[in-house]
There are 2 protein chains.
Amino acid sequence: MTPINDTKNQIIDLAESLLLQRGYNGFSYTHISSALHVKNAAIHYHFPTKTELGVAIIQRSRQQFEKWTLHPRMSSMSFAKKLDAFCDIFRDFLKFEGHVCLGSALEHDFNTLPETMQQETSAFIADFLIWLEKLLKDGREAGDFAFFGKPKEQAVFVLAALQGASQMVRATDTTYLDMAIRRIKQSLKQ
Amino acid sequence: MTPINDTKNQIIDLAESLLLQRGYNGFSYTHISSALHVKNAAIHYHFPTKTELGVAIIQRSRQQFEKWTLHPRMSSMSFAKKLDAFCDIFRDFLKFEGHVCLGSALEHDFNTLPETMQQETSAFIADFLIWLEKLLKDGREAGDFAFFGKPKEQAVFVLAALQGASQMVRATDTTYLDMAIRRIKQSLKQ
DNA sequence: GATCATACTTACTAGTAAGTAAGTTGTCAA
DNA sequence: TTGACAACTTACTTACTAGTAAGTATGATC
């Protein structure tokens, strides 16, 4: 048979891709099963409910982000380089046709999401904001960044711009994210 | 019977509200018909397809925005006041429980939208960007705004931040939009 | 008073959604 | 060789989706 967890991981991969492309209410188990050439019930075997599948997607992404933040190469980076790397996360999402970042996709469907997914979504956004706030705070203290007000407020602003731009790309032009990123960096210069 | 266009307008009102709350794939004709205490087919009488209803929502919004830009009181406003008024559009969306701005909602569902709705969505976003670009350009020339680079790039940045923040609010806190607006204004100061 | 359009309702259709119960098959361990 | 389990399939259910065809009440017009 197939290797252990192979189908399960393929399901999460595909479901995440569909979520980023079409939103939580825009994909079904049939989308996944037909793409993987298995039956509808096979998906239900691995993820009895769509809610469990949704939670699995977010939890895996949270783990990936945590791993990213803890990666050895991060500790040797300058604050500016870290911000660059963070912006690259959003650029990477757009490499796949029609994708948007996960936070943006989940926020949009928030009101129609089951409660457990809502909780995971809020935690996911909080992960990003906490990391970003610390980067901006430490970067300003070190003299690498310059901005007024609280680091948290600036973090909200940066994340909002990144998410907003990654979404705007769909109805406009893919260069718009780069425009926003240039402006974000500009807004942090002395 | 009911006054002319009353039901039709009520349908657009409700459909728009549902679209902003739940996304295009998150509401059905049944949501509308049961709320208005009419039958499913009554909605189809006014809007034969969901696509036509979707297009009607966007077109009405575009007309409302055009009317807003041409309102007599606008011409006497300072550039800063105009920007304030523009930001208020986004604040107003959030007054209704769980709403997000229309542009954000449409961009999110873009890939699953019928073609006519995609075209209207792109035009809707373009309306906003063109107005904003002109405001920023004229404002900088008059010495009221200060920023580097092209007005268009700054316009993309401002709209991205507004849309992103209006969406982030769902998974976080309603104060986050105000944070972003404060930062936007700060980024345009000398 | 007949005709006609408007604004519906009743009663359906075909398709798709998530989800389930029961049976099948390959693999591995005792 | 025999269980036992993982990983499915087959065959279904219930609920909801957009959309339609045909009929009806109401008011305005000729």
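User: Which residues of α1(B) are buried in this predicted model?
Analyst: The buried part of α1(B) packs against α2, α3, α4, α6 (79-95) and α7, which belong to chain B. A residue is counted as buried when 20 or more other C-beta atoms lie within 10 Å of its own. In α1(B) the residues that qualify are Ile11(B), Ile12(B), Ala15(B), Glu16(B), Leu19(B), Leu20(B), Gln21(B) and Arg22(B).

User: Which residue takes a positive phi just after α1(B)?
Analyst: The backbone just past the end of α1(B) has a phi of about 85 degrees, a positive value, and the residue that takes it is Gly23(B).
Among the buried residues of α1(B) is Arg22(B), and the residue named for the positive phi just after the helix is Gly23(B).

User: Is His37(A) buried or exposed?
Analyst: His37(A) sits in the loop between α2 (29-35) and α3 of chain A, and its phi is near 55 degrees, a positive value although the residue is not glycine. Most residues other than glycine have a negative phi. The count around His37(A) is 7 other C-beta atoms within 10 Å; a residue with 12 or fewer falls in the exposed class, and therefore His37(A) is exposed.

User: What is the phi of His37(B)?
Analyst: In chain B, His37(B) lies in the loop between α2 and α3. With 7 other C-beta atoms within 10 Å, His37(B) is exposed. The residue is not a glycine, yet its phi is positive, at about 55 degrees.

User: How many of the residues of helix α7 of chain B are buried?
Analyst: The cover over the buried residues of α7(B) includes elements from both chains, with α7 (102-108) and α9 (151-168) from chain A, and α1 (6-22), α4 (50-70), α8 (115-141) and α9 (151-168) from chain B. Among the buried residues are Leu102(B), Ala105(B) and Leu106(B), as well as Glu107(B), His108(B) and Asp109(B). The helix, which runs over residues 102-109, is mostly covered, and the number of its buried residues is eight of eight.

User: At what angle do the axes of α7(B) and α8(B) cross?
Analyst: The two helices meet through Gly103(B), Leu106(B) and Glu107(B) in α7(B) and Thr121(B), Phe124(B), Ile125(B) and Phe128(B) in α8(B). By class, this contact has four nonpolar, two polar and one charged residues. The crossing is left-handed, and the axes, which come within 10 Å, cross at roughly 140 degrees.

User: Which element gives the most to the side of chain A that touches chain B?
Analyst: The contact takes 42 residues from chain A and 42 residues from chain B. On the chain A side, at least two residues each are supplied by α1 (6-22), α7, α8 (115-141), α9 and α10 (175-187). By class, the residues of that side divide into 17 nonpolar, 18 polar and seven charged. The element that gives the most, with 13 residues, is α9(A).

User: What is the reach of α10(A) from its first C-alpha to its last?
Analyst: The buried residues of α10(A), including Tyr176(A), Leu177(A) and Met179(A), are covered by elements that include α6 (79-95) and α9 of chain A together with α9 and α10 (175-187) of chain B. With 13 residues, α10(A) is expected to reach 18 Å at 1.5 Å a residue, and the model comes close to this, at 19 Å.

User: Which element gives the most to the surface near DNA strand D?
Analyst: Of the 20 residues around DNA strand D, those that come nearest are Thr7(A), Ala41(A), Ala42(A), Ser28(B) and His44(B). Two or more residues are given to this surface by α3 (40-46) of chain A and by α2 (29-35) and α3 (40-46) of chain B. By class, the surface has ten nonpolar, eight polar and two charged residues. The element that gives the most, with four residues, is α3(A).

User: Which element gives the most to the surface near DNA strand C?
Analyst: Around DNA strand C there are 20 residues, of which Ser28(A), Thr7(B), Lys39(B), Ala41(B) and Ala42(B) come nearest. The elements that each supply at least two residues of this surface are α2 and α3 of chain A together with α3 of chain B. Its residues divide into ten nonpolar, eight polar and two charged. Four residues come from the element that gives the most, α3(B).

Key
Residues are numbered from 1 along each chain as its sequence is written. Chains are lettered from A and ligands numbered from 1 in the order in which they are written. This is a predicted model: local features need pLDDT of at least 70, side-chain atom pairs count only at pLDDT 80 or more; totals for chains, interfaces and linings use all residues. Two residues are in contact if their C-beta atoms, placed from the backbone, lie within 7 Å. A residue is near a molecule or strand if its C-beta atom, placed from the backbone, lies within 6 Å of it. Ala, Val, Leu, Ile, Met, Phe, Trp, Tyr, Cys and Pro count as nonpolar, Asp, Glu, Lys and Arg as charged, and the others, Gly among them, as polar. Axes are lines fitted to C-alpha atoms, for helices over the stretch in contact, and angles run from 0 to 180 degrees between N-to-C directions. A crossing is left-handed if the near helix is turned anticlockwise from the far one by less than a right angle, and right-handed if clockwise. The expected span of a helix is 1.5 Å times one less than its number of residues.
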